[in-house]
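Colleague: Please take a close look at the packing of this chain, core by core, and at the links between its side chains. Give the cut-offs as you go.

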Amino acid sequence: MENNELLSLLCATAQGDKHAFSRLYQKTSGKLFAISFNMLSNRAHAEEALQDAFIKVWHNASEYNASKGTVISWMISIIRYRSLDLLRYYKVRKEEPLAEEQQDIHTIDVNYDENTKLVNCIEQLEPQQKHAIHLAYYKGLSHRELVNHIDTPLGTVKSWIRRGLIQLQRCLTI
């Protein structure tokens with residue numbers, strides 16, 4: 001997806017252009033639905049999150065700030081936060097019994113195109129950082145839930161996430 005095209009559609013949406021909003025939906029809804037479905041593991045809830053996210057996009061299109069990221073990253077943050085809200089509301093967590101299954105934290109699937117810069121940067125993280133970030137940002141676990149899930153002290157979990165995010169930020173801006 002070309003950011004300039006999405007930016008043009010978003011700007012037109014901010015002016016109340018329903019046709020532009022429809023085209024924006026057509027171009028981004030598949031990716032946003034996939035992100036929501038990955039987090040919620042429930043089609044109906046993912047559809048609800050997608051609908052709520054696009055209502056927010058329609059009402060808040062004029063608030064988009066290009067200096068804070070691309071249009072698609074802005075929209076991904078909207079769907080992600082809405083999905084997290086629904087996770088908490090419905091208490092539909094897709095728990096992974098990692099300790100029992102002895103899942104290899106080196107092989108966590110982030111469900112992104114293998115050639116994206118994000119995947120390349122994530123692969124450079126230390127295994128603990130990668131694991132904590134995956135559970136927090138892709139599965140929606142809070143810090144407290146992470147502590148219980150991976151049986152690690154809160155300060156350690158927060159440090160892994162903070163250092164991992166700093167490393168990702170550096171990697172993505174190179």
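Modeller: A residue counts as buried under 20% relative accessible area, as exposed over 50% and as partly exposed in between, with a 1.4 Å probe and protein chains only. By that rule, 40% of the 174 residues in the protein chain are buried. The model is predicted, so local features need pLDDT of at least 70 and side-chain atom pairs count only at pLDDT 80 or more, while totals for chains, interfaces and linings use all residues. Residues are numbered from 1 along each chain as its sequence is written, and side-chain values use heavy atoms, with hydrogens and water left out.

The protein chain has nine helices and zero strands, where helices (H or I, at least four residues) and strands (E, at least two) are DSSP runs numbered from the N terminus. The protein chain exposes about 10200 Å² (Shrake-Rupley method, 1.4 Å probe; for residues, only the protein chains shown count as cover). Carbon and sulfur atoms supply 50% of that area. A contact means heavy atoms within 4.5 Å. Of the contacts in the protein chain between residues at least 6 apart in sequence, 63% join residues at least 24 apart.

The cores come next. A nonpolar core is a set of buried Ala, Val, Leu, Ile, Met, Phe, Trp, Tyr and Cys residues joined through side-chain atoms within 4.5 Å. The largest one has 29 residues, and those with the most contacts inside it are Leu10, Leu24, Leu32, Val57, Trp74, Met75 and Ile79. Helix H1 (3-14), helix H2 (18-40), H3 and H4 each supply at least two residues of this core. H4 gives the most, with ten residues. Leucine 10 touches Leu24, Val57, Ala61, Tyr64, Val71 and Trp74, leaving aside residues up to four places away in sequence.

A salt bridge here is a side-chain nitrogen of Lys or Arg within 4 Å of a carboxyl oxygen of Asp or Glu, and the count comes to five. One of them joins arginine 82 and aspartate 52, with the closest N and O atoms 2.7 Å apart. This pair links distant parts of the chain: arginine 82 is in helix H4 (residues 71-90) and aspartate 52 in helix H3, 30 residues apart. Both side chains are partly exposed, arginine 82 with a relative accessible area of 24% and aspartate 52 at 25%. Arginine 82 is also paired with aspartate 85, the closest N and O atoms being 3.9 Å apart. Those two residues lie three apart within H4, about one turn of the helix, and aspartate 85 is partly exposed at 41% relative accessibility. In helix H3 (residues 43-60), arginine 43 and glutamate 47 are four residues apart, about one turn. They form a salt bridge as well, at 3.2 Å between the closest N and O atoms. Glutamate 47 is partly exposed, at 39% relative accessibility.

Helix H8 (residues 143-150) shows a division of faces. Its buried residues are Leu146, Val147 and Ile150. Seen down the axis of H8, they fall within an arc of 105 degrees, so they line one face of the helix; the arc is that of the directions from the helix axis to the C-beta atoms. On the other side of H8, Arg144 and Asn148 are exposed. What covers the buried residues of H8 includes helix H7 (127-138) and helix H9 (154-172). Aspartate 151, with a positive phi near 50 degrees, follows H8.

The structure holds one disulfide, defined as a pair of cysteine sulfur atoms within 2.5 Å. Cysteine 121 and cysteine 171 form it, with their sulfur atoms 2.0 Å apart. Cysteine 121 lies in helix H6 (residues 117-123) and cysteine 171 in helix H9, so the pair ties together parts that are 50 residues apart in sequence. The link is left-handed, with -80 degrees about the S-S bond. Both cysteine 121 and cysteine 171 are buried, whereas cysteine 11 is partly exposed, at 44% relative accessibility.
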